[in-house]
Amino acid sequence: MSVENLDTINWNMPETDTIASESSPIVRINELNVHVKDHHILKNINLEIPKNQITVLLGASGCGKTTLLKCMNRLTDLYKELKVTGNIFIEEDDILNTSTNIPTIRQKMGLLSQRPYPLPVSIYKNVAYGIKLKGIRVKNLIDYSVEKNLKEVGLWDEVKNRLNSPATSLSIGQQQRLCLARGLAVKPRIILADEPTSALDPISSKIIENQFKVLKKHYTIILVTHVLRQAVRLADNVVFMHDGRIIEQGKPDELFKNPQTEELKNYLVEGN
Amino acid sequence: MHFRRRIVDKISGFWMVTTMVTILLMPVIIGVGLYIKAQPLFEHNSVWDLISSSDWSPSKGKFGFWPFIAGSLYVTIFSFLFAAPICLFAAIHLTQFSSKRLVQIMYPVIDVLAGLPSVIYGVWGILVIVPLVSNFLAPIFNTSSSGYSIFAGGIVLSVMCIPYMLNMLIEVFNTVPVGLKEAALSLGATQWESVKHVVIRKSYPGIISAFGLGIAKAFGETIAVMMVVGNSVMSSHNPFDAGYPLPALIANNYGEMMSIPMYDSALMFAALLLLVIILAINLVFRYFIHKTQKQ
(Lines give C-alpha, C1' and ligand atoms only; values in the text may rest on other atoms or scores of the structure.)
Protein backbone atom coordinates (compact mmCIF):
# COMPACT_ATOMS: atom_id res chain seq x y z
CA MET A 1 0.00 0.00 0.00
CA SER A 2 1.46 3.34 -0.94
CA VAL A 3 1.62 6.14 1.54
CA GLU A 4 -0.29 8.39 -0.87
CA ASN A 5 -3.34 6.16 -0.53
CA LEU A 6 -3.31 5.95 3.23
CA ASP A 7 -5.51 8.98 3.70
CA THR A 8 -8.38 7.18 2.05
CA ILE A 9 -8.39 4.42 4.64
CA ASN A 10 -11.42 4.11 6.85
CA TRP A 11 -9.91 3.44 10.29
CA ASN A 12 -13.02 1.77 11.65
CA MET A 13 -14.64 5.14 11.88
CA PRO A 14 -16.60 6.83 9.11
CA GLU A 15 -15.73 10.36 8.12
CA THR A 16 -17.67 13.03 9.93
CA ASP A 17 -19.67 14.29 6.99
CA THR A 18 -21.09 10.85 6.17
CA ILE A 19 -22.81 10.47 9.51
CA ALA A 20 -25.57 13.01 9.51
CA SER A 21 -26.72 16.03 7.65
CA GLU A 22 -25.32 19.46 8.51
CA SER A 23 -28.51 20.57 10.25
CA SER A 24 -28.89 17.61 12.59
CA PRO A 25 -27.43 17.93 16.08
CA ILE A 26 -24.46 15.73 16.82
CA VAL A 27 -25.03 15.89 20.57
CA ARG A 28 -28.42 15.83 22.29
CA ILE A 29 -28.63 16.11 26.04
CA ASN A 30 -31.89 15.36 27.84
CA GLU A 31 -32.61 16.02 31.50
CA LEU A 32 -28.99 15.72 32.56
CA ASN A 33 -28.45 16.03 36.30
CA VAL A 34 -25.23 15.64 38.26
CA HIS A 35 -25.12 15.38 42.04
CA VAL A 36 -22.34 15.09 44.59
CA LYS A 37 -24.09 13.95 47.75
CA ASP A 38 -26.52 16.81 48.49
CA HIS A 39 -24.89 19.23 46.10
CA HIS A 40 -26.71 19.59 42.78
CA ILE A 41 -24.00 20.50 40.25
CA LEU A 42 -25.88 20.27 36.92
CA LYS A 43 -29.62 20.92 36.95
CA ASN A 44 -31.93 19.58 34.25
CA ILE A 45 -29.64 20.27 31.31
CA ASN A 46 -31.34 20.04 27.92
CA LEU A 47 -29.15 20.93 25.00
CA GLU A 48 -28.58 20.25 21.32
CA ILE A 49 -25.18 20.86 19.79
CA PRO A 50 -25.05 21.30 16.01
CA LYS A 51 -22.55 19.55 13.85
CA ASN A 52 -19.43 21.21 12.42
CA GLN A 53 -19.83 24.39 14.42
CA ILE A 54 -18.13 25.88 17.44
CA THR A 55 -20.45 25.81 20.42
CA VAL A 56 -19.15 27.82 23.34
CA LEU A 57 -20.16 26.95 26.90
CA LEU A 58 -19.88 30.30 28.63
CA GLY A 59 -20.20 31.16 32.28
CA ALA A 60 -18.42 32.09 35.46
CA SER A 61 -16.03 29.69 37.19
CA GLY A 62 -17.87 26.97 39.10
CA CYS A 63 -21.10 27.17 37.05
CA GLY A 64 -20.74 23.56 35.81
CA LYS A 65 -19.25 24.02 32.33
CA THR A 66 -16.37 21.61 32.85
CA THR A 67 -18.60 19.04 34.53
CA LEU A 68 -20.95 19.18 31.54
CA LEU A 69 -17.98 18.68 29.21
CA LYS A 70 -16.68 15.74 31.23
CA CYS A 71 -20.12 14.10 31.15
CA MET A 72 -19.88 14.04 27.36
CA ASN A 73 -16.89 11.71 27.30
CA ARG A 74 -17.75 10.04 30.60
CA LEU A 75 -14.65 11.25 32.40
CA THR A 76 -17.12 11.77 35.24
CA ASP A 77 -16.77 8.00 35.75
CA LEU A 78 -13.42 8.73 37.38
CA TYR A 79 -15.12 10.56 40.22
CA LYS A 80 -17.07 7.92 42.06
CA GLU A 81 -18.80 10.49 44.23
CA LEU A 82 -20.57 11.98 41.18
CA LYS A 83 -24.06 10.73 40.39
CA VAL A 84 -24.98 11.36 36.77
CA THR A 85 -28.55 10.84 35.46
CA GLY A 86 -30.27 11.65 32.16
CA ASN A 87 -29.34 11.00 28.55
CA ILE A 88 -26.52 12.18 26.33
CA PHE A 89 -26.89 11.10 22.73
CA ILE A 90 -23.76 11.31 20.61
CA GLU A 91 -25.21 10.75 17.15
CA GLU A 92 -27.56 7.88 17.98
CA ASP A 93 -25.74 6.38 20.99
CA ASP A 94 -26.96 7.16 24.48
CA ILE A 95 -23.51 7.22 26.02
CA LEU A 96 -24.67 7.33 29.64
CA ASN A 97 -26.78 4.19 29.27
CA THR A 98 -24.83 2.07 26.87
CA SER A 99 -23.30 -1.32 26.59
CA THR A 100 -20.68 0.10 24.22
CA ASN A 101 -17.30 0.11 25.89
CA ILE A 102 -16.27 3.45 27.29
CA PRO A 103 -12.88 3.77 25.53
CA THR A 104 -14.67 3.58 22.17
CA ILE A 105 -17.03 6.38 23.23
CA ARG A 106 -14.13 8.51 24.40
CA GLN A 107 -12.29 8.07 21.11
CA LYS A 108 -15.18 9.87 19.43
CA MET A 109 -14.22 12.97 21.39
CA GLY A 110 -10.81 14.56 21.44
CA LEU A 111 -10.09 16.35 24.70
CA LEU A 112 -8.07 19.53 25.10
CA SER A 113 -7.59 20.51 28.74
CA GLN A 114 -6.99 23.86 30.42
CA ARG A 115 -3.28 23.22 30.35
CA PRO A 116 -1.47 20.78 28.10
CA TYR A 117 -0.82 17.31 29.47
CA PRO A 118 1.63 15.65 27.09
CA LEU A 119 2.13 11.98 27.88
CA PRO A 120 5.56 11.27 29.43
CA VAL A 121 6.93 9.95 26.14
CA SER A 122 8.35 11.40 22.92
CA ILE A 123 6.53 13.79 20.59
CA TYR A 124 6.03 10.98 18.07
CA LYS A 125 4.70 8.53 20.65
CA ASN A 126 2.24 11.11 21.97
CA VAL A 127 0.52 11.29 18.60
CA ALA A 128 0.92 7.57 17.93
CA TYR A 129 -0.53 6.54 21.31
CA GLY A 130 -4.22 6.80 20.45
CA ILE A 131 -3.66 5.28 17.01
CA LYS A 132 -2.02 2.24 18.56
CA LEU A 133 -4.87 1.94 21.06
CA LYS A 134 -7.20 1.61 18.08
CA GLY A 135 -5.27 -1.52 17.15
CA ILE A 136 -3.30 -0.03 14.26
CA ARG A 137 0.21 -1.49 14.25
CA VAL A 138 1.43 -0.83 10.69
CA LYS A 139 4.37 1.52 11.04
CA ASN A 140 3.77 3.26 7.70
CA LEU A 141 0.21 4.05 8.73
CA ILE A 142 1.26 5.37 12.10
CA ASP A 143 4.09 7.47 10.60
CA TYR A 144 1.69 8.90 8.06
CA SER A 145 -0.92 9.74 10.65
CA VAL A 146 1.61 11.35 12.98
CA GLU A 147 2.85 13.59 10.18
CA LYS A 148 -0.65 14.40 8.91
CA ASN A 149 -1.99 15.40 12.31
CA LEU A 150 1.08 17.39 13.28
CA LYS A 151 0.69 19.26 9.98
CA GLU A 152 -3.00 19.81 10.68
CA VAL A 153 -2.18 21.74 13.85
CA GLY A 154 0.76 23.53 12.25
CA LEU A 155 3.40 21.83 14.37
CA TRP A 156 5.11 19.56 11.86
CA ASP A 157 7.73 22.03 10.63
CA GLU A 158 8.67 22.90 14.21
CA VAL A 159 9.17 19.31 15.40
CA LYS A 160 9.90 17.16 12.34
CA ASN A 161 13.61 16.97 13.21
CA ARG A 162 13.09 16.05 16.83
CA LEU A 163 10.16 13.66 16.87
CA ASN A 164 11.93 11.43 19.38
CA SER A 165 12.54 14.24 21.89
CA PRO A 166 10.41 14.24 25.04
CA ALA A 167 7.11 16.03 24.51
CA THR A 168 7.79 18.05 27.64
CA SER A 169 10.73 19.72 25.87
CA LEU A 170 8.24 21.72 23.78
CA SER A 171 6.96 25.14 24.79
CA ILE A 172 3.54 25.27 26.49
CA GLY A 173 1.91 26.54 23.30
CA GLN A 174 3.53 23.79 21.24
CA GLN A 175 2.49 21.22 23.86
CA GLN A 176 -1.12 22.33 23.57
CA ARG A 177 -1.00 21.97 19.79
CA LEU A 178 0.61 18.55 20.24
CA CYS A 179 -2.29 17.56 22.50
CA LEU A 180 -4.68 18.74 19.80
CA ALA A 181 -2.82 16.68 17.17
CA ARG A 182 -2.86 13.69 19.51
CA GLY A 183 -6.62 14.01 19.89
CA LEU A 184 -7.20 14.43 16.14
CA ALA A 185 -5.13 11.32 15.41
CA VAL A 186 -7.85 9.05 16.80
CA LYS A 187 -10.31 10.60 14.32
CA PRO A 188 -12.85 11.98 16.75
CA ARG A 189 -16.22 13.42 15.78
CA ILE A 190 -16.09 16.12 18.40
CA ILE A 191 -13.35 18.17 20.04
CA LEU A 192 -14.01 18.98 23.67
CA ALA A 193 -11.90 21.98 24.64
CA ASP A 194 -11.87 23.02 28.28
CA GLU A 195 -10.48 26.56 28.43
CA PRO A 196 -7.63 25.39 26.16
CA THR A 197 -5.93 28.78 25.98
CA SER A 198 -6.07 29.73 29.64
CA ALA A 199 -2.44 28.72 30.26
CA LEU A 200 -1.12 30.11 26.99
CA ASP A 201 0.42 33.41 25.95
CA PRO A 202 -1.57 35.58 23.50
CA ILE A 203 0.34 34.39 20.44
CA SER A 204 -0.11 30.70 21.25
CA SER A 205 -3.76 31.38 22.10
CA LYS A 206 -4.30 32.98 18.71
CA ILE A 207 -2.73 29.99 16.95
CA ILE A 208 -5.07 27.61 18.80
CA GLU A 209 -8.09 29.80 18.05
CA ASN A 210 -7.17 29.92 14.37
CA GLN A 211 -6.79 26.14 14.36
CA PHE A 212 -10.32 25.83 15.73
CA LYS A 213 -11.69 28.00 12.92
CA VAL A 214 -10.07 25.69 10.39
CA LEU A 215 -10.93 22.47 12.21
CA LYS A 216 -14.64 23.20 12.49
CA LYS A 217 -15.01 22.28 8.82
CA HIS A 218 -14.37 18.70 9.79
CA TYR A 219 -15.13 18.53 13.51
CA THR A 220 -17.72 19.73 15.95
CA ILE A 221 -16.02 21.83 18.60
CA ILE A 222 -17.40 22.34 22.08
CA LEU A 223 -15.39 25.04 23.79
CA VAL A 224 -15.60 25.90 27.47
CA THR A 225 -14.52 29.40 28.31
CA HIS A 226 -15.23 32.22 30.69
CA VAL A 227 -13.55 34.75 28.43
CA LEU A 228 -16.28 36.77 26.75
CA ARG A 229 -14.05 38.05 23.96
CA GLN A 230 -12.98 34.55 23.04
CA ALA A 231 -16.62 33.53 22.81
CA VAL A 232 -17.33 36.51 20.54
CA ARG A 233 -14.35 35.65 18.33
CA LEU A 234 -15.05 31.95 17.95
CA ALA A 235 -18.63 31.01 18.71
CA ASP A 236 -21.22 29.92 16.19
CA ASN A 237 -23.49 29.15 19.14
CA VAL A 238 -23.28 30.24 22.72
CA VAL A 239 -24.67 28.39 25.72
CA PHE A 240 -24.64 30.56 28.80
CA MET A 241 -24.58 28.70 32.12
CA HIS A 242 -25.08 29.90 35.64
CA ASP A 243 -25.23 27.89 38.86
CA GLY A 244 -25.52 24.52 37.10
CA ARG A 245 -28.28 25.64 34.73
CA ILE A 246 -28.44 26.66 31.10
CA ILE A 247 -29.78 30.20 31.28
CA GLU A 248 -29.72 31.26 27.63
CA GLN A 249 -28.49 29.91 24.33
CA GLY A 250 -28.36 31.10 20.75
CA LYS A 251 -26.26 32.84 18.13
CA PRO A 252 -23.63 35.11 19.69
CA ASP A 253 -24.91 38.29 18.00
CA GLU A 254 -28.45 37.80 19.30
CA LEU A 255 -27.38 36.67 22.71
CA PHE A 256 -24.83 39.35 23.46
CA LYS A 257 -26.86 42.22 21.96
CA ASN A 258 -30.18 41.27 23.51
CA PRO A 259 -29.63 39.34 26.71
CA GLN A 260 -32.95 38.22 28.14
CA THR A 261 -31.92 37.34 31.68
CA GLU A 262 -30.42 39.26 34.57
CA GLU A 263 -27.69 36.64 34.96
CA LEU A 264 -26.43 37.12 31.40
CA LYS A 265 -26.79 40.91 31.60
CA ASN A 266 -24.68 40.94 34.77
CA TYR A 267 -22.12 38.60 33.22
CA LEU A 268 -21.82 40.79 30.13
CA VAL A 269 -21.39 43.89 32.27
CA GLU A 270 -18.71 42.24 34.41
CA GLY A 271 -17.09 40.59 31.38
CA ASN A 272 -16.74 43.88 29.57
CA MET B 1 15.61 48.75 56.38
CA HIS B 2 15.02 48.97 60.08
CA PHE B 3 18.11 47.86 62.07
CA ARG B 4 16.20 45.28 64.13
CA ARG B 5 14.67 43.66 61.03
CA ARG B 6 18.12 43.43 59.43
CA ILE B 7 19.55 41.71 62.53
CA VAL B 8 16.65 39.23 62.67
CA ASP B 9 17.15 38.56 58.96
CA LYS B 10 20.87 37.86 59.46
CA ILE B 11 20.32 35.66 62.53
CA SER B 12 17.61 33.56 60.86
CA GLY B 13 19.81 33.15 57.77
CA PHE B 14 22.79 32.11 59.88
CA TRP B 15 20.63 29.68 61.87
CA MET B 16 19.29 27.98 58.75
CA VAL B 17 22.77 27.62 57.21
CA THR B 18 24.13 26.21 60.49
CA THR B 19 21.42 23.54 60.76
CA MET B 20 21.89 22.58 57.11
CA VAL B 21 25.68 22.28 57.47
CA THR B 22 25.23 20.19 60.64
CA ILE B 23 23.01 17.75 58.75
CA LEU B 24 25.52 17.61 55.88
CA LEU B 25 28.41 16.97 58.27
CA MET B 26 26.67 14.23 60.28
CA PRO B 27 27.41 11.28 57.97
CA VAL B 28 30.97 12.58 57.50
CA ILE B 29 31.52 12.81 61.26
CA ILE B 30 30.03 9.34 61.81
CA GLY B 31 32.10 7.89 58.95
CA VAL B 32 35.36 9.45 60.13
CA GLY B 33 34.70 8.34 63.73
CA LEU B 34 34.07 4.75 62.65
CA TYR B 35 37.12 4.78 60.41
CA ILE B 36 39.39 5.96 63.23
CA LYS B 37 38.04 3.30 65.60
CA ALA B 38 38.36 0.58 62.92
CA GLN B 39 41.85 1.60 61.86
CA PRO B 40 43.80 -0.88 64.09
CA LEU B 41 42.19 -3.64 62.03
CA PHE B 42 43.73 -2.26 58.83
CA GLU B 43 47.27 -2.59 60.24
CA HIS B 44 47.03 -6.38 59.97
CA ASN B 45 44.54 -6.87 57.12
CA SER B 46 43.83 -5.24 53.82
CA VAL B 47 40.29 -3.94 53.28
CA TRP B 48 39.81 -6.36 50.38
CA ASP B 49 40.81 -9.33 52.57
CA LEU B 50 38.41 -8.18 55.27
CA ILE B 51 35.40 -7.91 52.98
CA SER B 52 36.11 -10.91 50.74
CA SER B 53 37.21 -13.49 53.32
CA SER B 54 34.71 -15.87 54.90
CA ASP B 55 37.04 -16.89 57.73
CA TRP B 56 35.51 -15.53 60.92
CA SER B 57 37.58 -16.58 63.96
CA PRO B 58 37.99 -13.53 66.20
CA SER B 59 39.93 -15.46 68.85
CA LYS B 60 42.54 -16.32 66.16
CA GLY B 61 42.52 -12.76 64.86
CA LYS B 62 40.70 -13.70 61.64
CA PHE B 63 37.97 -11.30 60.61
CA GLY B 64 36.34 -12.25 57.34
CA PHE B 65 33.21 -10.18 56.83
CA TRP B 66 31.85 -11.80 53.69
CA PRO B 67 29.27 -14.03 55.49
CA PHE B 68 27.83 -10.94 57.17
CA ILE B 69 27.79 -8.84 54.01
CA ALA B 70 26.21 -11.73 52.10
CA GLY B 71 23.70 -12.28 54.92
CA SER B 72 22.68 -8.63 54.81
CA LEU B 73 22.39 -8.59 51.03
CA TYR B 74 20.47 -11.84 50.97
CA VAL B 75 17.90 -10.77 53.57
CA THR B 76 17.51 -7.37 51.91
CA ILE B 77 17.02 -8.83 48.44
CA PHE B 78 14.41 -11.28 49.69
CA SER B 79 12.56 -8.59 51.60
CA PHE B 80 12.62 -6.34 48.51
CA LEU B 81 11.31 -9.12 46.27
CA PHE B 82 8.42 -9.70 48.67
CA ALA B 83 7.62 -6.08 49.48
CA ALA B 84 8.14 -4.22 46.18
CA PRO B 85 5.32 -5.77 44.11
CA ILE B 86 2.92 -5.68 47.06
CA CYS B 87 3.63 -2.00 47.70
CA LEU B 88 3.49 -1.07 44.02
CA PHE B 89 0.12 -2.67 43.33
CA ALA B 90 -1.39 -1.62 46.67
CA ALA B 91 -0.34 1.99 46.06
CA ILE B 92 -1.72 1.91 42.52
CA HIS B 93 -5.02 0.53 43.74
CA LEU B 94 -5.32 2.99 46.62
CA THR B 95 -4.54 6.04 44.49
CA GLN B 96 -6.17 5.10 41.17
CA PHE B 97 -9.00 2.67 41.77
CA SER B 98 -10.12 2.63 45.40
CA SER B 99 -13.14 4.39 46.77
CA LYS B 100 -12.51 7.24 49.19
CA ARG B 101 -14.01 5.11 51.93
CA LEU B 102 -11.44 2.35 51.47
CA VAL B 103 -8.64 4.91 51.39
CA GLN B 104 -9.91 6.40 54.66
CA ILE B 105 -9.79 2.93 56.23
CA MET B 106 -6.38 2.03 54.81
CA TYR B 107 -4.39 5.12 55.75
CA PRO B 108 -4.67 4.68 59.54
CA VAL B 109 -3.86 0.97 59.16
CA ILE B 110 -0.69 1.80 57.23
CA ASP B 111 0.26 4.41 59.83
CA VAL B 112 -0.23 1.92 62.67
CA LEU B 113 1.93 -0.65 60.87
CA ALA B 114 4.63 1.99 60.29
CA GLY B 115 4.59 2.94 63.96
CA LEU B 116 4.89 -0.57 65.43
CA PRO B 117 8.20 -1.15 67.24
CA SER B 118 10.43 -3.57 65.35
CA VAL B 119 10.57 -5.95 68.32
CA ILE B 120 6.85 -6.67 67.78
CA TYR B 121 7.59 -7.69 64.19
CA GLY B 122 10.39 -9.87 65.59
CA VAL B 123 8.06 -11.62 68.05
CA TRP B 124 5.47 -12.08 65.31
CA GLY B 125 8.22 -13.54 63.14
CA ILE B 126 9.19 -16.07 65.83
CA LEU B 127 5.59 -17.07 66.52
CA VAL B 128 4.29 -17.22 62.95
CA ILE B 129 6.95 -16.99 60.23
CA VAL B 130 9.63 -19.25 61.74
CA PRO B 131 7.21 -22.21 62.20
CA LEU B 132 5.72 -21.47 58.77
CA VAL B 133 9.15 -21.69 57.13
CA SER B 134 10.16 -24.76 59.15
CA ASN B 135 6.96 -26.81 58.79
CA PHE B 136 5.56 -25.68 55.47
CA LEU B 137 7.79 -23.66 53.13
CA ALA B 138 11.08 -25.57 53.53
CA PRO B 139 9.46 -29.00 52.90
CA ILE B 140 7.90 -27.64 49.70
CA PHE B 141 11.44 -27.04 48.42
CA ASN B 142 12.61 -30.48 49.68
CA THR B 143 14.87 -29.09 52.36
CA SER B 144 14.85 -28.99 56.13
CA SER B 145 15.15 -25.86 58.17
CA SER B 146 14.84 -24.81 61.77
CA GLY B 147 12.83 -21.88 60.44
CA TYR B 148 15.36 -19.36 61.74
CA SER B 149 16.63 -18.44 58.31
CA ILE B 150 17.39 -15.84 55.69
CA PHE B 151 13.94 -16.55 54.23
CA ALA B 152 12.20 -15.83 57.54
CA GLY B 153 14.30 -12.67 57.93
CA GLY B 154 13.30 -11.59 54.42
CA ILE B 155 9.59 -12.07 55.10
CA VAL B 156 9.65 -10.23 58.44
CA LEU B 157 11.74 -7.42 56.98
CA SER B 158 9.42 -7.09 53.99
CA VAL B 159 6.38 -6.73 56.27
CA MET B 160 8.27 -4.06 58.21
CA CYS B 161 9.18 -2.17 55.05
CA ILE B 162 5.75 -2.36 53.43
CA PRO B 163 4.15 0.59 55.30
CA TYR B 164 7.27 2.67 54.76
CA MET B 165 7.52 2.05 50.99
CA LEU B 166 3.74 2.08 50.55
CA ASN B 167 3.45 5.55 52.09
CA MET B 168 6.14 6.89 49.77
CA LEU B 169 4.60 5.28 46.69
CA ILE B 170 1.17 6.68 47.57
CA GLU B 171 2.72 10.15 47.78
CA VAL B 172 4.43 9.59 44.43
CA PHE B 173 1.26 8.46 42.62
CA ASN B 174 -0.79 11.26 44.16
CA THR B 175 1.51 13.81 42.52
CA VAL B 176 0.59 12.61 39.00
CA PRO B 177 -1.88 15.18 37.63
CA VAL B 178 -5.41 13.88 37.07
CA GLY B 179 -5.34 15.70 33.73
CA LEU B 180 -2.63 13.37 32.49
CA LYS B 181 -4.71 10.33 33.26
CA GLU B 182 -7.75 11.96 31.69
CA ALA B 183 -5.67 12.64 28.57
CA ALA B 184 -4.83 8.95 28.19
CA LEU B 185 -8.43 7.91 28.87
CA SER B 186 -9.78 10.38 26.33
CA LEU B 187 -7.53 8.81 23.70
CA GLY B 188 -9.25 5.49 24.29
CA ALA B 189 -7.08 3.92 26.97
CA THR B 190 -8.69 1.69 29.57
CA GLN B 191 -8.18 2.48 33.25
CA TRP B 192 -5.36 -0.03 33.52
CA GLU B 193 -3.71 1.17 30.30
CA SER B 194 -3.77 4.75 31.56
CA VAL B 195 -2.12 3.62 34.79
CA LYS B 196 0.46 1.46 33.02
CA HIS B 197 1.36 3.87 30.22
CA VAL B 198 1.00 7.17 32.02
CA VAL B 199 0.81 7.05 35.80
CA ILE B 200 3.59 4.51 36.34
CA ARG B 201 5.72 5.98 33.58
CA LYS B 202 5.38 9.49 34.94
CA SER B 203 6.24 8.17 38.41
CA TYR B 204 9.41 6.24 37.47
CA PRO B 205 11.80 8.55 39.39
CA GLY B 206 9.55 8.50 42.45
CA ILE B 207 9.11 4.73 42.32
CA ILE B 208 12.88 4.22 42.06
CA SER B 209 13.39 6.64 44.93
CA ALA B 210 10.82 4.85 47.12
CA PHE B 211 12.38 1.47 46.36
CA GLY B 212 15.88 2.82 47.04
CA LEU B 213 14.94 4.26 50.40
CA GLY B 214 13.07 1.05 51.23
CA ILE B 215 16.12 -1.08 50.45
CA ALA B 216 18.40 1.21 52.45
CA LYS B 217 16.05 0.98 55.41
CA ALA B 218 15.81 -2.80 55.07
CA PHE B 219 19.59 -3.14 54.90
CA GLY B 220 20.09 -1.41 58.21
CA GLU B 221 17.18 -2.97 60.10
CA THR B 222 18.42 -4.84 63.16
CA ILE B 223 16.21 -6.12 65.97
CA ALA B 224 13.40 -7.94 64.16
CA VAL B 225 15.77 -9.55 61.67
CA MET B 226 18.16 -10.57 64.42
CA MET B 227 15.32 -12.40 66.18
CA VAL B 228 14.43 -14.66 63.22
CA VAL B 229 17.50 -14.96 61.02
CA GLY B 230 19.40 -17.51 63.12
CA ASN B 231 22.59 -15.47 63.62
CA SER B 232 24.91 -18.19 62.47
CA VAL B 233 28.11 -17.43 60.55
CA MET B 234 27.55 -19.46 57.40
CA SER B 235 28.17 -18.79 53.75
CA SER B 236 25.35 -20.91 52.45
CA HIS B 237 23.36 -19.97 49.37
CA ASN B 238 20.32 -21.80 50.69
CA PRO B 239 17.78 -19.21 51.89
CA PHE B 240 16.38 -21.75 54.35
CA ASP B 241 19.71 -21.77 56.23
CA ALA B 242 20.54 -19.31 58.97
CA GLY B 243 22.40 -16.11 58.21
CA TYR B 244 24.02 -13.30 60.10
CA PRO B 245 23.49 -9.77 58.77
CA LEU B 246 25.90 -6.95 59.64
CA PRO B 247 23.55 -5.03 61.98
CA ALA B 248 22.87 -8.22 63.95
CA LEU B 249 26.62 -8.84 64.32
CA ILE B 250 27.10 -5.40 65.85
CA ALA B 251 24.01 -5.51 68.07
CA ASN B 252 24.73 -9.03 69.37
CA ASN B 253 28.38 -8.54 70.18
CA TYR B 254 29.09 -4.94 71.01
CA GLY B 255 30.12 -4.74 74.66
CA GLU B 256 30.17 -8.52 75.02
CA MET B 257 33.38 -9.66 73.38
CA MET B 258 35.67 -6.77 74.08
CA SER B 259 38.27 -8.95 75.77
CA ILE B 260 39.21 -10.35 72.36
CA PRO B 261 41.90 -8.18 70.76
CA MET B 262 40.77 -6.20 67.74
CA TYR B 263 37.12 -7.23 68.19
CA ASP B 264 36.16 -3.65 68.99
CA SER B 265 37.79 -2.46 65.77
CA ALA B 266 36.15 -5.28 63.81
CA LEU B 267 32.69 -4.24 64.98
CA MET B 268 33.45 -0.61 64.13
CA PHE B 269 34.55 -1.77 60.70
CA ALA B 270 31.23 -3.65 60.39
CA ALA B 271 29.42 -0.40 61.20
CA LEU B 272 31.57 1.47 58.67
CA LEU B 273 30.76 -1.17 56.05
CA LEU B 274 27.06 -0.75 56.78
CA LEU B 275 27.35 3.01 56.36
CA VAL B 276 29.26 2.72 53.08
CA ILE B 277 26.91 0.11 51.60
CA ILE B 278 23.82 2.17 52.46
CA LEU B 279 25.52 5.24 50.99
CA ALA B 280 26.34 3.23 47.85
CA ILE B 281 22.74 2.00 47.55
CA ASN B 282 21.50 5.57 47.79
CA LEU B 283 23.99 6.78 45.19
CA VAL B 284 23.07 4.00 42.77
CA PHE B 285 19.37 4.83 43.09
CA ARG B 286 20.08 8.55 42.74
CA TYR B 287 21.88 7.75 39.49
CA PHE B 288 18.86 5.81 38.21
CA ILE B 289 16.53 8.64 39.22
CA HIS B 290 18.72 11.14 37.40
CA LYS B 291 18.86 8.93 34.32
CA THR B 292 15.09 8.39 34.31
CA GLN B 293 14.37 12.08 34.75
CA LYS B 294 16.61 12.88 31.78
CA GLN B 295 14.73 10.37 29.63
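User: Where is the place of A:Asn73?

Analyst: A:Asn73 sits in the loop between helix H1 (65-72) and strand E4 (82-90) of chain A. Helices (H or I, at least four residues) and strands (E, at least two) are DSSP runs, numbered from the N terminus. A note on the source: this is a predicted model, where local features need pLDDT of at least 70, side-chain atom pairs count only at pLDDT 80 or more, and totals for chains, interfaces and linings use all residues. Residues are numbered from 1 along each chain as its sequence is written, chains are lettered from A and ligands numbered from 1 in the order in which they are written, and side-chain values use heavy atoms, with hydrogens and water left out.

User: Is A:Asn73 buried or exposed?

Analyst: Buried means under 20% relative accessible area, exposed over 50%, and partly exposed in between (1.4 Å probe, protein chains only). A:Asn73 has 0% relative accessibility, so it counts as buried.

User: Which residues is A:Asn73 in contact with?

Analyst: Contact means heavy atoms within 4.5 Å. Leaving aside neighbours within four places in sequence, A:Asn73 touches A:Arg106, A:Met109, A:Leu111, A:Leu192 and, from the other chain letter, B:Ser186.

User: Why is helix H11 of chain B largely enclosed?

Analyst: Because 6 of the 8 residues of H11(B) (residues 246-253) are buried. Among them are B:Leu246, B:Ile250 and B:Asn253. Their cover includes helix H3 (66-97) and helix H12 (263-294) of chain B. Just after H11(B), B:Gly255 has a positive phi of about 90 degrees.
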